[in-house]
Amino acid sequence: MSTVSDVRVTVPATTANIGPGFDCLGAALSLYNQLRFTRTEADTPVVITVSGQDADRVSTDTNNLAYQSFCRLYRHIDQAPPAVELAIELDVPLARGLGSSATAIAGGLLGANALAGSPLDPAEVMDLAIAIEGHPDNVVPALLGGCQLTVQAGDRYQTCEIPWHSNIIPVVAIPNFELSTAAARRVLPQSYSRADAIFNAAHLGLLVRALDTGRTDWLQTALGDRIHQPYRQSLIRGYEAVRTAALEAGAAGLVISGAGPTLLALADPNRVEAVAAAMTLAWKEEGVECQTLTPRLDTQGAIATICNVA
């Protein structure tokens, strides 16, 4: 019987929350990490090499998150993981609110599933990814692509793709400082008022319609949030200056991407360049260098390609 011996996995970056969709809404972006898993006969369980952005900061031992996820799938199917070489190419910056951990989790699970002969269906892989990550807003769009709303239904999850109008262009400004997800979660309150819950429910409903229709007047209102952004803004140096600059340049709105510190503006195609330039300049005036990108929405999600069968 043939055995898959070499798999390449490509996983997109993600932007999560998108204002009022805290921990349940996210979108995949056309910025990618690649992972390649190759079976070996070595005595060591894994040999990891990392190249690209922030490569020197990624673990190359068995604590590597992609390898941990790889092993998690094998444990799930009651099999011992094979010895592998894992080559990682990074283009998604670490700890910036663009789903770098989700790329590792999705990549590790898909690589393991392919090498094991695909014993898990996509829904089972997704459930396992959410269990590892702890929430679905990054890993679901990383796996499926597009903009995804995820709802827990008992011990499983239901996903719903949210149509994203072609006239809504993401602009991401990635600063040269980090903000850990743990630190961003520590500043959140333990409970919220009924008014805040109603506010976010209403705004998330409007956001879904605004993304679908491209109505920027709806979008301007819909990006409001009372659950996480008011508490995280103080952790992001220059937030107010960048937000003001983006809006004055014509953005429909600006939100924190994931846990931050990357900021996401949404604009129509005619204003994208002006918004990107304004965000860059505003952060520079605050003493922060940033990289500004205008990625498209990724619609494919993570892709595992079998490169060799022994």
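**Note on helix packing, selected residues and cysteines**

1. N200 is buried, with a relative accessible area of 7% (buried means under 20% relative accessible area, exposed over 50% and partly exposed in between, with a 1.4 Å probe and protein chains only). This is a predicted model, in which local features need pLDDT of at least 70 and side-chain atom pairs count only at pLDDT 80 or more, while totals for chains, interfaces and linings use all residues. Residues are numbered from 1 along each chain as its sequence is written, and side-chain values use heavy atoms, with hydrogens and water left out.

2. The position of N200 is within helix α6, residues 194-213 (helices are DSSP runs of H or I with at least four residues, strands are runs of E with at least two, and both are numbered from the N terminus). Leaving aside residues up to four places away in sequence, N200 touches P20, D225, R226 and I227 (contact means heavy atoms within 4.5 Å).

3. F22 belongs to the loop between β1 (4-16) and β2 (25-39). Not counting residues up to four places away in sequence, F22 touches N17, R185, L188, I227, H228 and R232. The C-alpha atoms of F22 and A304 are separated by 28 Å, and the two residues are 282 residues apart along the chain.

4. Two packed helices are described by the angle between their axes and the distance between the axes. Helix α2 (residues 100-115) packs with helix α3 (residues 122-133) at an angle of about 140°, and their axes are 10 Å apart (axes are lines fitted to C-alpha atoms, for helices over the stretch in contact, and angles run from 0 to 180 degrees between N-to-C directions). α2 and α3 are therefore oblique to each other (angles under 35 degrees count as roughly parallel, over 145 as roughly antiparallel, 65 to 115 as roughly perpendicular and the rest as oblique).

5. On the α2 side S101, A102, I105, L109, L110 and N113 take part, meeting V125, L128, A129, I132 and E133 of α3. The residues of this contact divide into eight nonpolar, two polar and one charged (Ala, Val, Leu, Ile, Met, Phe, Trp, Tyr, Cys and Pro count as nonpolar, Asp, Glu, Lys and Arg as charged, and the others, Gly among them, as polar).

6. For helix α9 (residues 239-248) and helix α10 (residues 272-285), the axes come within 8 Å and cross at roughly 155°. α9 and α10 are therefore roughly antiparallel to each other, and their crossing is right-handed. A241, V242, A245 and A246 of α9 make the contact with V275, A278, M279, A282 and W283 of α10. By class, this contact has nine nonpolar, no polar and no charged residues.

7. The count of disulfides comes to zero (a disulfide is a pair of cysteine sulfur atoms within 2.5 Å). For C24, the nearest cysteine sulfur is that of C147, 9.9 Å away. For C147, the nearest cysteine sulfur is that of C160, 9.3 Å away. C24 is buried at a relative accessible area of 17%, and C147 is buried at 0%.

8. R296 is exposed, with a relative accessible area of 57%. R296 lies in the loop between β10 (290-293) and β11 (303-309), and touches A28, L29, S30 and Y32, not counting residues up to four places away in sequence.

Note on methods. A crossing is left-handed if the near helix is turned anticlockwise from the far one by less than a right angle, and right-handed if clockwise.
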